[in-house]
Amino acid sequence: MEYAIDYAKKRRAFGTKIANFQAIQHKIAEMYQEVETSRLLVWKAAWRCRICGHVHYGDEAPDECPYCFFPKTAFIKN
Ligand SMILES: [Zn+2]
């Protein structure tokens with residue numbers, strides 16, 4: 001997304017930067033929305049084992065870590 005913004009600010013067409021076109025601004029806004037949604041989903045659904053660092057994805061922490069076998073209490077929201 002950062003590259004797309006840089007490019008839109010440099011690339012010129014019809015005598016102006018393409019970043020000035022509303023269609024390009026919409027594309028970049030959609031990109032931002034998708035990137036932020038992905039980041040938030042990962043943050044919301046990831047649990048990390050404090051003992052071995054294993055990352056578990058899901059709404060709930062697992063009953064025990066599949067690597068170090070510590071119980072659920074070892075997991076913290078990532
Ligand atoms: Zn573990």
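User: Leaving aside its neighbours within four places in sequence, which residues is isoleucine 24 in contact with?

Analyst: A contact here is a pair of C-beta atoms within 7 Å. In this predicted model, isoleucine 24 touches Ala8, Ile18 and Ala19 once neighbours within four places in sequence are left aside. Isoleucine 24 itself sits in helix H2.

User: How far apart are isoleucine 24 and alanine 8, in sequence and in space?

Analyst: They are 16 residues apart in sequence, and their C-alpha atoms are 7.6 Å apart.

User: Is isoleucine 24 exposed, partly exposed or buried?

Analyst: Burial is read from a neighbour count: 20 or more other C-beta atoms within 10 Å is buried, 12 or fewer is exposed. Isoleucine 24 has 18 such atoms, so it is partly exposed. Over the chain, buried residues are 5% of the 78 residues.

User: What does the overall shape look like?

Analyst: The radius of gyration can be set against the value for a compact globule of 78 residues, which would be near 12 Å; the chain has 21 Å. The box that holds the C-alpha atoms, taken along the principal axes, is roughly 65 × 20 × 15 Å.

User: How do the strands pair? Start with E3 and E4.

Analyst: E3 and E4 run antiparallel and are joined by 3 bridges. One of the residue pairs is arginine 48 with valine 55 in E4. The two strands form a hairpin with 5 residues between them, and glycine 53 in that turn has a positive phi of about 85 degrees.

User: In which sense do E3 and E5 pair, and over how many bridges?

Analyst: E3 and E5 are antiparallel, again with 3 bridges. Here tryptophan 47 stands opposite lysine 77 in E5.

User: Which residues lie on the covered face of strand E3, and which on the uncovered one?

Analyst: The general idea is that in a regular strand the side chains alternate between the two faces of the sheet. In E3, residues 46-49, the covered face carries Trp47 and Cys49, while Ala46 and Arg48 are on the uncovered face.

User: Where are phenylalanine 14 and phenylalanine 69?

Analyst: Phenylalanine 14 lies in the loop between strand E1 (12-13) and E2. Phenylalanine 69 lies in the loop between strand E4 (55-57) and strand E5 (75-77).

User: Why is phenylalanine 14 counted as exposed, and why phenylalanine 69?

Analyst: The neighbour count decides this too, with 12 or fewer as the limit for exposed. Phenylalanine 14 is exposed because it has 7 other C-beta atoms within 10 Å. Phenylalanine 69 is exposed because its count is 10.

User: Where is confidence highest in the chain, and where lowest?

Analyst: The mean pLDDT is highest in strand E2 (residues 16-17), at 94, and lowest in helix H2 (residues 22-45), at 88. Helix H2 is the element that holds isoleucine 24. The chain averages 92, and 97% of the residues score at least 70.

Technical notes: Residues numbered from 1 in each chain as written. Predicted model: local features only at pLDDT ≥ 70, side-chain atom pairs only at ≥ 80, totals over all residues. Rg over C-alpha atoms; globule rule 2.2 N^0.38 Å. pLDDT = per-residue confidence, 0-100. Helix = DSSP H or I, 4+ residues; strand = E, 2+ residues; numbered from the N terminus. Contact = placed C-beta atoms within 7 Å. Pairing = 2+ DSSP bridges.
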